[in-house]
Amino acid sequence: MDIIDVLIQQHRDLEALFEAYRAAPDDERPELCVRLAEALTLHSTLEERWVYPVARGVVHGPRIDFAVEEHGEMTQLLSELMHACWDVRRREATVRQLEAVVAHHLTEEERDVFPRLRKMDEAAFGLSSTELARSASDARQEARRHLEVVAPP
Ligand SMILES: [Fe+2]
Ligand SMILES: [Fe+2]
């Protein structure tokens, strides 16, 4: 499995989490909100740390700028979401906004960015897919720590 496969699997996991959130009863939504925030923080962190610096060199034109802008938008919504998981009104509005941005972003990334990166050697990313998975567990812990700070008493 290469780095792009790892990221695409994370995209499918994110979609499944949004779907689970929509299907869940109200009392299960705060926990799913936390899982969503965690998974998205993890994914964005990995891409920003390891993938986008390489993508900038091979994907030219406005596509990559749009993708970077969307990451900025997601980061802003994510920090809002981390404080909104236990506040039903803020949470519902933020999850809805975030789902729209994420759905659009994943589609474009898989269409315009990832195919160009597939041709590259893993060495270009500065790490292997195994190391990326290891880095994912560090990023997950970071996301958890941040979420603990904003969890209710
Ligand atoms: Fe992305
Ligand atoms: Fe992505």
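Modeller: One term to begin with. A donor is an N, O or S atom within 2.8 Å of the metal. Water is not among the atoms, so sites may look incomplete. And keep in mind that this is a predicted model.

Biologist: Got it. Which residue bridges the iron ion (ligand 2) and the iron ion (ligand 1)?
Modeller: E47 does. The two ions lie 3.2 Å apart.

Biologist: What are the protein donors of the iron ion (ligand 2)?
Modeller: H11 and H43 each give NE2. E47 and E109 each give OE.

Biologist: Are H11 and E109 buried or exposed?
Modeller: Both are buried. For E109 the relative accessible area is 1%.

Biologist: And the geometry? What angles do the 4 donor atoms of the iron ion (ligand 2) make?
Modeller: They run from 83 to 176°. The site is irregular.

Biologist: Now the other ion. Which residues are the protein donors of the iron ion (ligand 1)?
Modeller: E47 and E109 through OE, H71 and H105 through NE2. The distances are 2.0 to 2.2 Å. In sequence the spacing is E-x23-H-x33-H-x3-E.

Biologist: Why is the arrangement around the iron ion (ligand 1) irregular?
Modeller: Its 4 donor atoms subtend angles of 87 to 177°, and that makes it irregular. Four donors count as tetrahedral only if all angles lie between 85 and 135 degrees.

Biologist: Is E47 buried or exposed?
Modeller: E47 counts as buried, because its relative accessibility is 0%. The cut-off for buried is under 20%.

Biologist: Change of topic. At what angle do helix α3 and α4 pack?
Modeller: About 155°, with axes 9 Å apart. Helix α3 covers residues 62-82. Angles over 145 degrees count as roughly antiparallel, and α3 and α4 therefore fall in that class.

Biologist: Is their crossing left-handed or right-handed?
Modeller: Left-handed.

Biologist: How many nonpolar, polar and charged residues are in that contact?
Modeller: The contact of α3 with α4 has 11 nonpolar, 5 polar and 9 charged residues.

Key: Residues numbered from 1 in each chain as written. Chains lettered and ligands numbered in written order. Predicted model: local features only at pLDDT ≥ 70, side-chain atom pairs only at ≥ 80, totals over all residues. Heavy atoms only, no water. Tetrahedral: all angles 85-135°; square planar, octahedral: opposite > 155°, others 65-115°. Buried < 20%, exposed > 50% of the residue type's maximum accessible area, 1.4 Å probe, protein only. Axes fitted to C-alpha atoms, helices over the stretch in contact; angles between N-to-C directions. Helix = DSSP H or I, 4+ residues; strand = E, 2+ residues; numbered from the N terminus. Parallel < 35°, antiparallel > 145°, perpendicular 65-115°, else oblique. Left-handed = near helix turned anticlockwise from the far one by under 90°. Nonpolar A, V, L, I, M, F, W, Y, C, P; charged D, E, K, R; others polar.
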